[in-house]
Amino acid sequence: MGCLLVGLALVSNLINTRIKIMVEESGSEVLSNTQSAEEWLSQARELVPLALNKAREVKGFPGRWKMIISKLEQIPSRLSDLSSHPCFSKNALCKEQLQSVSKTLKEAIELAEFCVGEKYEGKLRMQSDLDSLSGKLDLNLRDCGLLIKTGVLGEATLPLSMASSSTEPEVALHGNIRELLARLQIGHLEAKHKALDSLVELMKEDEKNVLSVLGRSNIAALVQLLTATSPRIREKTVTVICSLAESGSCENWLVSEGVLPPLIRLVESGSAVGKEKATISLQRLSMSAEAARAIVGHGGVRPLIEICQTGDSVSQAASASTLKNISAVPEVRQTLDEEGIVKVMINLLDCGMLLGSREYAAECLQNLTASNDNLRRSVISEGGIRSLLAYLAGPLPQESAVAALRNLVGSVSMEVLVSLGLLPCLVHVLKSGSLGAQQAAASAICRVCSATEMKKLIGEAGYIPLLIKMLEAKSNSAREVAAQAISSLMSLPHNCREVKRDNKSVPNLVQLLDPSPQNTAKKYAVCALGLICSSKKCKKLMVSYGAIGYLKKLTEMDIPGAKKLLERLERGKLRSFFTRK
């Protein structure tokens, strides 16, 4: 506990130092440190009537001065709002804001005096100065309003001296983080840039505490900085947003505050770092179907596809993953196809720089071919089956690639599949793949084994022992598809003899007669056992493993073939009884 408090105190002191540096770099640190908030308020209140009186004396530039006067007239109400807040005197941001207001008022008085005395260098120069003054007044009014409306004034209540001496380091730390986050919303762009620098470093050192105090207004401020004119600010902002997206704690806020369009623009034309961070952010955010649809709607597919073709390894993998997430949304698949995603994903499957890129490409192809015949034809015509088979030849065949292959085999002739090497590839998957990959392989077998010749080739390729072993899988769906494949293959006598010869076939199939609703393989087990029931040896094994008890219940449930198989087993049992007599 002591070490934790020391650590929190160190981080808090580090933030204090950064905030002090930001304040000092604002240009008037001496006055800021010596005058209190009340003194700055008093000075601002004294300057407002002076500035208004001087501004009303000016005869030149009437349009500009009329606008400036209207803004000066709003300042007293803003000052009143600030001073009436209970945290007014304790807040460093409030003190800095009053200092900024006073500086702007002095500038207004100075420019008014120049205009009254017509002592300015040139008309265009003065017009520019007045426009700048108007902009500063807008910023002051906006920032004063933000201090009240967003709750920043109430959140950042710990002054630097209190924070450094607090007996509760975590409370002090959170207060200082809130002040740092508030600085993303208050002040001119350079001040926000300095706050952003500090936030980037703080996220590296103590992301957990930053996330614990982050508010929606802070997210909104960061999203706005993504469109800043400075490339450096955009790059640092997207670095923070990438960390926030990866944290998994504020994706909804990010999307609702409009983060997607500027992220897409960064993918299109940002720096190398900016592109990478923006793509990783989209990767995380696109896990939501709603966000995935929005990315497509904002034109995000084309730049993501370009990253897959030209980006570095990390950006390529993130982009492929984002497109994979988007492809999971059925209604946008046609748009993906129109943007040329099929060819790009097949190329990535062949030549992806990282293994992850190739895995994402396989998953994307699986999604694209799940239910769309046009996309299936497109994948086949671009050589997708050959690429998937080559990818699956590796030591650990992935489920997604097998599933994509399963989606395609029904659209290709038996001769083509055999010539491409489908059968040895699926044997490899059944031997070396994960259970999910094995299940997809068994499902593919079910789709291609309708023809007698194909059943013969599958039986000769050594599938049956592998499928029988798969009947022992813990997954019900895996057992079901294995039983389905076996029962289909057994319509060929040669394959039926293979099943009879396997010592595990009857015990495994009888176990799948379990009448429980969770067991969806029972109808296939009944079919398979019925095909080998003519063998006395198999019939005897079925009885010994309890098939009759199961079949009685399945007969009551009207499972096809159960009654007939039960009658055959009972007849055999009765005949055996009389033979013994």
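Helix H3 meets helix H5 through Leu 41, Ala 44, Arg 45 and Val 48 on the H3 side and Ile 75, Pro 76, Leu 79, Ser 80 and Ser 83 on the H5 side. Sorted by kind, the residues of this contact are six nonpolar, two polar and one charged. The model is a predicted one. Two packed helices are described by the angle between their axes and the distance between the axes. H3 covers residues 37-57 and H5 covers residues 75-83; their axes come within 10 Å and cross at roughly 165 degrees. Angles over 145 degrees count as roughly antiparallel, and H3 and H5 are therefore roughly antiparallel to each other. The crossing of H3 and H5 is left-handed.

A second pair can be read in the manner of the first. Helix H24 (residues 384-392) packs against helix H25 (residues 399-409) at an angle of about 150 degrees, and their axes are 10 Å apart. That angle makes H24 roughly antiparallel to H25. H24 and H25 also cross in a left-handed way. On H24, the contact is made by Ile 385, Leu 388, Leu 389, Tyr 391 and Leu 392, and on H25 by Ala 401, Val 402, Ala 404, Leu 405 and Leu 408. This contact of H24 with H25 consists of 10 nonpolar residues, with no polar and no charged ones.

How many residues of H24 are buried? Seven of the nine are, so H24 is largely enclosed by the rest of the structure. The buried residues of H24 are Gly 384, Ile 385, Ser 387, Leu 388, Leu 389, Tyr 391 and Leu 392. Their cover includes H25, together with helix H21 (341-351), helix H22 (355-368), helix H23 (373-381), helix H26 (414-420) and helix H27 (422-432).

The next topic is the nonpolar cores. The largest one has 139 residues, and Met 345, Leu 467, Met 542 and Leu 551 have the most contacts inside it. Helix H11 (residues 189-213) gives the largest share of this core, eight residues. Leaving aside residues up to four places away in sequence, Met 345 touches Cys 308, Leu 323, Ala 361, Cys 364 and Leu 365. A second, separate core has 39 residues, among them Ala 55, Met 126, Leu 141 and Leu 146.

Some single residues remain. Phe 61 is in the loop between H3 and helix H4 (62-72). Phe 61 is not a glycine, yet its phi is positive, at about 50 degrees. With a relative accessible area of 11%, Phe 61 is buried. One residue that touches Phe 61 is Gln 127, which also touches Arg 64, again not counting residues up to four places away in sequence. Gln 127 belongs to helix H7 (residues 123-149). The relative accessible area of Gln 127 is 18%, so Gln 127 is buried.

Asp 558 also has a positive phi without being a glycine, with a value near 60 degrees. The loop that holds Asp 558 runs between helix H36 (547-556) and helix H37 (562-580). Is Asp 558 buried or exposed? Its relative accessibility is 66%, so Asp 558 counts as exposed.

Ser 288 sits in the loop between helix H16 (272-285) and helix H17 (289-297). Ser 288 counts as partly exposed because its relative accessibility is 31%. From C-alpha to C-alpha, Ser 288 is 9.0 Å from Glu 251, although the two are 37 residues apart in sequence.

Key: Residues are numbered from 1 along each chain as its sequence is written. This is a predicted model: local features need pLDDT of at least 70, side-chain atom pairs count only at pLDDT 80 or more; totals for chains, interfaces and linings use all residues. Side-chain values use heavy atoms; hydrogens and water are left out. Axes are lines fitted to C-alpha atoms, for helices over the stretch in contact, and angles run from 0 to 180 degrees between N-to-C directions. Helices (H or I, at least four residues) and strands (E, at least two) are DSSP runs, numbered from the N terminus. Angles under 35 degrees count as roughly parallel, over 145 as roughly antiparallel, 65 to 115 as roughly perpendicular and the rest as oblique. A crossing is left-handed if the near helix is turned anticlockwise from the far one by less than a right angle, and right-handed if clockwise. Contact means heavy atoms within 4.5 Å. Ala, Val, Leu, Ile, Met, Phe, Trp, Tyr, Cys and Pro count as nonpolar, Asp, Glu, Lys and Arg as charged, and the others, Gly among them, as polar. Buried means under 20% relative accessible area, exposed over 50%, partly exposed in between (1.4 Å probe, protein chains only). A nonpolar core is a set of buried Ala, Val, Leu, Ile, Met, Phe, Trp, Tyr and Cys residues joined through side-chain atoms within 4.5 Å.
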